[in-house]
Amino acid sequence: QVDRPEEIQEARLKLPVVGEEQKIMEAIYNNSSIVIWGATGSGKTTQLPQFLFEAGYGHPDSPNPGMIAVTQPRRVAAVSMSKRVGDELGQYSNRVSYQIRFDTNVSSSTAIKFMTDGILLREIAKDFSLSKYSVIIIDEAHERSVNTDILIGMASRIVDLRESMRKEDPSVKPLKLVIMSATLRISDFTQNAHLFRHGVPPLVQAEGRQYPVTTHFARRTHRDYVEEAFRKVSRGHRKLPAGGMLVFLTGQNEIKQLSKRLKQAFKPTQRGEDFQGKLKLSAADAPLETEDIELGDPDTGHQGEDDESDIDIVGLDDEDEDDQDFDLGEESMASTTRVHVLPLYSQLPTKEQLKVFESPPEGSRLIVLATNVAETSLTIPGIKYVFDCGRSKEKQYDLSTGVQTFQIGWISKASASQRAGRAGRTGPGHCYRMYSSAIYEADFADHTEPEILRTPIEGVVLQMKSMGLHNVINFPFPTPPSRQGLTKAEKLLRNLGALKPDGQVTDLGNKLSAYPLSPRYSKMLQIGHQHGCMPYVIALVSALAVGDLFVQDSQVDMTVSAAKTDKDLVYTNADRLEDTAREQRRKDFFRARRLLSKHDDTSDALRYLSAICAYAYASEEESFCEQMFLRAKGLKEASQLRSQLTDIVRTNNPGLLGSYEARLAEPAVKQIKALKQIVTAGFIDNVAIRADMSPEPPEMQRKPRGATEVPYYTLFRAHEGRAEEIDEKAVYIHPSSILAHLTPKEMPQYLVYSHLQQSTGSQASENTVPKVR
Ligand code: ADP
Ligand code: MG
């Protein structure tokens with residue numbers, strides 16, 4: 001008997017999922033796998049684990065003693081949901097835990113374990129029957145991340161496996177599989193006989209008792225949606241009745257810009273008189289990972305070519321439109337109401353992320369500026385208004401050319417409806433779409449494409465093969481990857497020596513699969529013992545694998561302002577001060593960069609090594625990172641990965657490594673040379689030659705004025721499908737590379753690069769030219 005706090009008990013009873021408890025539990029008793037659909041906020045994530053817990057799952061002396069696993073695609077969701085469920089479980093709150101990479105509070109009393117899907121996949125590699133668990137709940141299945149897809153495929157087989165083990169040994173307990181989705185796009189699961197060999201799972205629906213959300217389309221779609229968001233949110237804050245606001249943007253730079261402007265516009269000392277100056281947006285800049293990096297000025301980013309409605313409709317300006325939309329027939333908040341602006345994106349430290357769940361200070365309006373993180377898994381209390389820019393940043397990967405791009409593009413209709421739904425959790429709400437219904441109808445796809453169709457999959461392929469799933473092509477994927485993608489992955493794995501020509505895993509391959517890393521990095525670790533390099537290789541690989549450790553120069557201006565905001569300096573008359581500070585800041589920036597490339601000023605990889613090694617010497621890590629223009633969260637993670645990898649290397653190669661030393665001596669010249677060779681071995685297929693030194697030099701149109709204009713040709717791409725298209729085009733060093741500061745003459749004959757990336761920067765004319773990093 002769970003004693004829940006009273007207000008929780010009351011709130012629970014209103015959740016659609018709670019109304020369906022009996023139906024859901026019956027379906028679970030009668031089937032080994034089920035699919036649950038319920039709109040976002042209907043209670044799936046918080047309630048399902050509790051139903052199972054109350055039915056005895058996870059109790060040592062029940063028929064189902066194994067733990068209840070709940071997987072989430074995102075870390076912040078795993079942590080915050082475990083906390084929420086703990087709160088709801090009253091006296092049993094200590095039975096709920098979470099585990100994410102490098103952080104866990106699992107104990108011997110854990111009955112419900114929230115974790116990221118990556119963690120559970122790793123556990124399968126160690127214990128294929130998942131014997132610790134009695135139920136696997138795979139949450140947010142509609143997001144279709146690669147890990148979720150693979151997990152569903154594996155879990156469907158593990159359920160069968162446990163059943164057949166049980167036939168031989170009755171003491172083996174059955175395993176239940178619960179797949180939860182916030183959208184009805186589940187036919188890839190429910191109608192997939194390959195995935196579920198013993199009959200497809202039944203679907204249980206929890207009718208959404210979502211409050212009504214009124215959707216307001218914009219009449220015009222503005223290209224500069226950050227500017228438009230500022231305008232609309234500011235006006236909304238003045239006109240709209242009390243209630244939290246949730247604003248969807250595409251990345252952290254946009255969030256920081258808007259946050260700064262809103263704070264300035266509504267800061268208490270300048271009450272009534274709004275700051276209207278337009279901020280300088282950062283220059284276009286090259287992203288490495290979807291959420292972590294910025295595309296810079298939205299004006300020059302993805303435009304959505306058919307943006308036809310970016311035309312003035314005479315006689316109806318935005319203010320008039322807003323005033324119609326914002327007139328809800330209720331009293332607006334007092335004009336002195338402050339704003340409580342909070343960012344929410346995945347690179348933000350967890351502690352900061354969790355702030356959105358606290359109530360805002362008395363007499364202020366909560367305004368959360370979020371990326372896709374807030375689209376489905378999280379419920380932020382009190383949100384009544386959603387502002388949706390209609391875009392998101394997605395990593396796209398061209399399988400045939402290996403070129404990846406980060407594009408800001410239109411979201412799908414399904415995503416738009418998820419975003420709108422965030423306004424109707426606690427009462428009727430409104431969603432202000434910053435795009436026209438014409439664009440929505442014409443340009444928004446119905447659903448987002450599963451990630452497995454747009455990402456390299458060599459890591460997945462190797463992991464499956466080393467688990468004995470040799471015939472990857474026959475694996476029950478909810479959506480199978482393309483044959484081309486599989487072939488490409490196998491080819492790389494053969495090049496790395498992880499697979500034999502016949503596709504079987506080699507000994508090396510088995511060792512590589514033990515690392516929670518891309519096989520490229522695992523390979524570097526496996527060959528890293530020359531010249532006592534191993535501790536350096538581990539540090540280097542950790543830094544590269546986490547990636548994006550450096551603040552880019554185009555973001556430096558931003559950093560100044562952010563620092564000022566934090567310290568609450570007064571802005572009035574501070575413009576000159578700011579300019580001086582900014583100049584000083586830029587000087588510091590280049591000094592820091594020189595320091596980190598002192599071992600070798602032609603290698604970005606070694607710059608990563610310097611960063612992580614120097615970090616280990618820092619006494620005050622946060623301020624060290626600030627001084628050195630490094631990303632504290634990334635470095636912290638890289639350092640944790642470093643000690644984890646040290647353990648794995650030691651297990652893989654007994655006797656090879658001494659005890660873990662975070663603080664290493666400077667590498668010797670011989671070691672630096674070896675390290676470069678080791679990096680090359682991991683990226684052996686990613687080599688480019690200076691075009692003018694290649695066997696067939698091109699006719700040069702004009703002399704390169706800088707390093708970033710020196711053309712290179714990639715090697716080893718000629719045999720892959722459409723690759724000719726790229727082979728005929730040159731690639732260029734990315735401006736964020738340390739090499740970008742060399743003179744054209746100093747640029748080396750050969751380059752090893754980590755990836756090719758399509759430029760989405762401001763050089764519109766170069767839009768089709770991939771850049772080499
Ligand atoms: P689903 O998984 O179906 O999207 P959840 O189980 O996450 O739904 O949330 C159900 C309800 O629980 C939400 O609508 C909200 O009312 C409440 N809730 C969830 N998390 C919190 C929280 N951190 N604080 C307050 N209420 C919450
Ligand atoms: Mg949920």
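**Exercise 1. Helices α19 and α24**

Classify how α19 and α24 are oriented in this predicted model: parallel, antiparallel, perpendicular or oblique.

*Solution.* 
- Take the angle. Helix α19 (residues 534-546) and helix α24 (residues 632-652) pack at about 135°. Their axes lie 8 Å apart.
- Apply the cut-offs. Roughly perpendicular covers 65 to 115 degrees, and roughly antiparallel needs over 145. The pair is therefore oblique.
- The α19/α24 crossing is right-handed.
- List the contact. From α19 come Met-534, Ile-538, Ala-539, Val-541, Ser-542, Ala-543, Ala-545 and Val-546. From α24 come Gly-634, Glu-637, Ala-638, Leu-641, Arg-642, Leu-645, Thr-646 and Val-649.
- Sort by class. The α19–α24 contact holds eleven nonpolar, three polar and two charged residues.

**Exercise 2. Helix α22**

Then decide which residues of α22 are buried.

*Solution.* 
- Check burial. The buried residues are Asp-604, Ala-605, Leu-606, Arg-607, Tyr-608, Leu-609, Ser-610, Ala-611, Ile-612, Cys-613 and Tyr-615.
- Conclude. Eleven of the 14 are buried, so α22 is largely enclosed by the rest of the structure.

**Exercise 3. Asp-188**

Is Asp-188 buried, exposed or partly exposed, and which residues does Asp-188 touch beyond four places in sequence?

*Solution.* 
- Locate the residue. Asp-188 sits in helix α8 (residues 187-190).
- Count neighbours. Asp-188 has 17 other C-beta atoms within 10 Å, so the residue is partly exposed.
- Find contacts. Asp-188 touches Pro-478 and Thr-479.
- Check separation. Asp-188 and Pro-478 are 290 residues apart in sequence, with C-alpha atoms 5.4 Å apart.

Notes
Residues are numbered from 1 along each chain as its sequence is written. Chains are lettered from A and ligands numbered from 1 in the order in which they are written. This is a predicted model: local features need pLDDT of at least 70, side-chain atom pairs count only at pLDDT 80 or more; totals for chains, interfaces and linings use all residues. Axes are lines fitted to C-alpha atoms, for helices over the stretch in contact, and angles run from 0 to 180 degrees between N-to-C directions. Helices (H or I, at least four residues) and strands (E, at least two) are DSSP runs, numbered from the N terminus. Angles under 35 degrees count as roughly parallel, over 145 as roughly antiparallel, 65 to 115 as roughly perpendicular and the rest as oblique. A crossing is left-handed if the near helix is turned anticlockwise from the far one by less than a right angle, and right-handed if clockwise. Two residues are in contact if their C-beta atoms, placed from the backbone, lie within 7 Å. Ala, Val, Leu, Ile, Met, Phe, Trp, Tyr, Cys and Pro count as nonpolar, Asp, Glu, Lys and Arg as charged, and the others, Gly among them, as polar. A residue is buried if 20 or more other C-beta atoms lie within 10 Å of its own, exposed if 12 or fewer, and partly exposed in between; C-beta atoms are placed from the backbone.
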